[in-house]
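Open the model in your viewer and keep the sequence panel beside it. We will go stop by stop, selecting as we go.

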Amino acid sequence: PVAAPVAPVVAPPPAPVAQMDVEPAPAAAAPRWTGPEINKMTVPRLKAALKDLGLATDGVKAALKKRLIDAMSRAMLDDDT
């Protein structure tokens with residue numbers, strides 16, 4: 001006698017989680033640096049900070065520092081509104 005083929009056993013999908021049971025992840029706070037901290041940064045650190053903020057990383061050290069200070073100033077103004 002030939003045995004009938006057996007269907008594979010598949011586990012049921014996990015039960016969906018109710019939306020009210022899931023808390024949203026807190027928004028990642030943008031990094032903040034003070035003017036004196038920015039003035040002490042090296043060029044590679046300035047470029048890394050600007051890259052993290054999605055800003056241009058070209059230019060000389062003075063331009064990088066100004067760009068990062070301007071970004072921090074804008075971020076502080078945005079927090080006040």
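**Stop 1: the whole chain**

Show the cartoon first. The protein has three helices and zero strands. From the N terminus on, the order is α-α-α. Here helices (H or I, at least four residues) and strands (E, at least two) are DSSP runs, numbered from the N terminus.

This is a predicted model: local features need pLDDT of at least 70, side-chain atom pairs count only at pLDDT 80 or more, and totals for chains, interfaces and linings use all residues. Residues are numbered from 1 along each chain as its sequence is written, and side-chain values use heavy atoms, leaving out hydrogens and water.

**Stop 2: colour by confidence**

Colour by pLDDT, the predictor's confidence in each residue, from 0 to 100. The protein averages 79, and 63% of the residues score at least 70. Which element has the highest mean pLDDT, and which the lowest? H2 has the highest (95) and H3 the lowest (87).

Now select residues 24-28. Their pLDDT is below 50. Beyond near neighbours in sequence, this stretch has zero contacts in the model. A contact means heavy atoms within 4.5 Å. Where pLDDT is low, the predicted coordinates should not be read in detail.

**Stop 3: the nonpolar core**

Select Trp-33, Ile-38, Met-41, Leu-46, Ala-49, Leu-50, Leu-64, Leu-68, Ala-71 and Met-72. These ten residues make up the largest nonpolar core. Such a core is a set of buried Ala, Val, Leu, Ile, Met, Phe, Trp, Tyr and Cys residues joined through side-chain atoms within 4.5 Å. Helix H2 (43-52) and helix H3 (61-80) each supply at least two of the core residues. H3 gives the most, with four.

Buried means under 20% relative accessible area, exposed over 50%, and partly exposed in between (1.4 Å probe, protein chains only). Of the 81 residues in the protein, 14% are buried.

**Stop 4: the salt bridges**

A salt bridge is a side-chain nitrogen of Lys or Arg within 4 Å of a carboxyl oxygen of Asp or Glu. By this rule there are two.

Select Lys-66 and Asp-70. Their side chains meet in a salt bridge (2.8 Å, N to O). Both residues lie in helix H3, four residues apart, about one turn of the helix. Lys-66 is exposed, at 52% relative accessibility. Asp-70 is partly exposed, at 28%.

Next, select Asp-58 and Arg-67. Their salt bridge spans 3.8 Å, N to O. Arg-67 is partly exposed, with a relative accessible area of 24%.
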